[in-house]
Amino acid sequence: MVLDGACTDGTSLDPMIVFKTEELREGYFVEEEDIASTIMVGKSSNSWTSSALALGWLERNFGAESQSACKAKDKWRMLTLDHGHSTQLS
């Protein structure tokens with residue numbers, strides 16, 4: 001599962017990749033120069049996002065210190081979600 005988003009100015013939000021695993025091991029990941037260091041990594045038993053994972057992604061991308069908050073300054077931002085599951089309702 002991948003959580004991702006884009007801004008109206010053409011920039012993208014920090015993505016999150018959710019792996020189907022009980023444990024993330026350091027050996028799963030290899031440092032590559034062309035892979036963004038801003039990618040968030042999560043885990044779940046079924047590779048679906050949970051409320052906790054979604055909240056972490058939202059805080060990273062829409063929190064007070066986030067890239068989108070800095071760009072918006074004091075203006076409103078709008079978040080549109082696609083994919084009807086309970087994470088959007090909690």
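Two strands count as paired if DSSP finds at least two bridges between them, and I take strands (E, at least two residues) and helices (H or I, at least four) as DSSP runs numbered from the N terminus. With that settled, I looked up Lys20 and found it opposite Ser44 in β3.

Housekeeping: this is a predicted model, where local features need pLDDT of at least 70, side-chain atom pairs count only at pLDDT 80 or more, and totals for chains, interfaces and linings use all residues. Residues are numbered from 1 along each chain as its sequence is written, and side-chain values use heavy atoms, with hydrogens and water left out.

**Sheet.** I traced an open sheet of three strands, ordered β1-β2-β3, with mixed pairing. β1 (2-3) and β3 (40-44) sit at the edges with a single partner strand each, so one side of each lacks a neighbour in the sheet. I then checked β2 against β3: they pair in the parallel sense over five bridges.

**Val18.** I listed its contacts (heavy atoms within 4.5 Å). Beyond four places in sequence, Val18 touches Met1, Gly42, Lys43, Ser44, Ser47, Trp48 and Leu53.

**Ser68.** I found this one in helix α2 (residues 67-72). Ser68 counts as buried because its relative accessibility is 6%; the cut-offs are under 20% for buried, over 50% for exposed and partly exposed in between (1.4 Å probe, protein chains only). Its side chain reaches the backbone oxygen of Asn61 at 2.5 Å. Leaving out neighbours within four places in sequence, I get Asn61, Phe62 and Arg77 as the contacts of Ser68.

How values were computed. Polar contact = N/O pair within 3.5 Å; in protein donor to acceptor, adjacent residues only side chain to side chain.
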